[in-house]
Amino acid sequence: MIYPLITAVRYSFYSWNGIGASTWAGIDNYVRVFTDPELLISIVNALILIVFFTVIPVASGLALATLIRTMRPGPFAAIARTVLFLPQIIPLVAAGIAWSWMYAQTGTINTILDSVGLGFLSRSWLAGFGTALPAVGLIGSWVLTGLCTILLLTGIGKIDTSLYEAARLDGAGWWREFVTVTLPGLRREIAVLVTITVIAALSSFDIIYTTTKGGPGTSTLVPGISIFRLAFTQSEVGLASAFGVVLLALVLLAVLPIQLLARERD
């Protein structure tokens, strides 16, 4: 991992098509990353995806883990955990293809809308400029919710049950119990999940490539797709390397504060 990283940093200071001779470019590639509207849009889209890849899965995971904890141990609880975690073991390419079929004009989602009298909402979800990014983001939410639920459920199992009993004796309701006992007890698990999911959002590629390839227009364009295009279709290896370095810096800027905050609270 270290050698490719060093190589990418070196390439980022050159103008090179990947085959012929390279020429020194200095910081021109980095200037272009921060001035090219299309590349900036891809960064903005990746930041928006954090809502779908991080906020929704973690919040849903908290709700589902709390609900499953209240169930009696048995087959239903085990099946629920299995079903929720199943998307995590499905290859992202396969998930993207399957959801593309469901999002199609004659796909499952529009069929369900028609059957419940909401046919006026039917559309080609991945082809609309306003719906493509949320549609892709919901695929990420679906994939990551199971991981969040299982990890948080494991974390809840480690919380001392006497804390819940003490809260109930003090007259705490389910919300007060959740805020004062469950959330503080899941601090480390939440920090891990936020780290993983933020990285997944900023470095997303598989799902978007198999569903929209960054379209329509630039509505679902993300850094991963931009880097791929620059390096392998436009032969701008230097610019692609510079964008890769910027993406690495962006991930670190997003993740390191989360880790530091979690350590300070510990």
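**Entry 1: the nonpolar patch**

I began with the surface. Helices α1 (2-11) and α13 (237-265) each supply at least two residues of a nonpolar patch. I noted that this is a predicted model. The members of the patch are L5, V9, L248, L252 and L256. Together they make about 390 Å² of nonpolar surface.

I then picked L252, which sits in helix α13.

**Entry 2: the whole protein**

Next I stepped back to the overall picture. I looked up the secondary structure and found 13 helices and two strands. The protein has 266 residues, and buried residues make up 41% of them. Along the principal axes, the C-alpha atoms fill a box of roughly 75 × 50 × 30 Å.

I also checked the accessible surface, which comes to about 14500 Å². Carbon and sulfur atoms account for 70% of that surface.

How many of the contacts join residues at least 24 apart in sequence? I found 66%, counting contacts between residues at least 6 apart.

**Entry 3: helices α5 and α6**

I turned to a pair of helices. Helix α5 covers residues 92-103, and helix α6 covers residues 108-115. Their axes come within 5 Å. They cross at roughly 35 degrees.

Which residues make the contact? From α5 I listed W99, W101, M102 and Y103. From α6 I listed T108, I109 and N110. I sorted this contact by class and got five nonpolar residues, two polar residues and no charged ones.

**Entry 4: A25**

I looked for A25 and found it in the loop between β2 (23-24) and α2 (28-35). Is A25 buried or exposed? The cut-off for buried is under 20% relative accessible area, and A25 has 11%, so A25 is buried.

What does A25 touch, leaving out residues up to four places away in sequence? I found F13, Y14 and S15. I also looked up Y11, which is 14 residues from A25 along the chain. The C-alpha atoms of A25 and Y11 are separated by 9.7 Å.

**Entry 5: the loop between α11 and α12**

I moved on to backbone details. The loop between α11 (206-211) and α12 (223-232) holds P216. The peptide bond from G215 to P216 is cis. Its omega is near -10 degrees.

K213 is found in the loop between α11 and α12 too. I looked up its phi, which is positive at about 55 degrees, although K213 is not a glycine. K213 is partly exposed, with a relative accessible area of 47%.

**Entry 6: S235**

Where does S235 lie? I found S235 in the loop between α12 and α13. S235 is a residue other than glycine, yet its phi is positive, near 55 degrees. I checked its cover last. With a relative accessible area of 36%, S235 is partly exposed.

Conventions: Residues are numbered from 1 along each chain as its sequence is written. This is a predicted model: local features need pLDDT of at least 70, side-chain atom pairs count only at pLDDT 80 or more; totals for chains, interfaces and linings use all residues. Side-chain values use heavy atoms; hydrogens and water are left out. Axes are lines fitted to C-alpha atoms, for helices over the stretch in contact, and angles run from 0 to 180 degrees between N-to-C directions. Helices (H or I, at least four residues) and strands (E, at least two) are DSSP runs, numbered from the N terminus. Contact means heavy atoms within 4.5 Å. Ala, Val, Leu, Ile, Met, Phe, Trp, Tyr, Cys and Pro count as nonpolar, Asp, Glu, Lys and Arg as charged, and the others, Gly among them, as polar. Patches are made of residues with over 30% relative accessible area and no salt bridge: like charges are joined within 9 Å, nonpolar side chains (Val, Leu, Ile, Met, Phe, Trp, Tyr) within 5 Å. Accessible areas come from the Shrake-Rupley method with a 1.4 Å probe; for residues, only the protein chains shown count as cover. A salt bridge is a side-chain nitrogen of Lys or Arg within 4 Å of a carboxyl oxygen of Asp or Glu. Buried means under 20% relative accessible area, exposed over 50%, partly exposed in between (1.4 Å probe, protein chains only).
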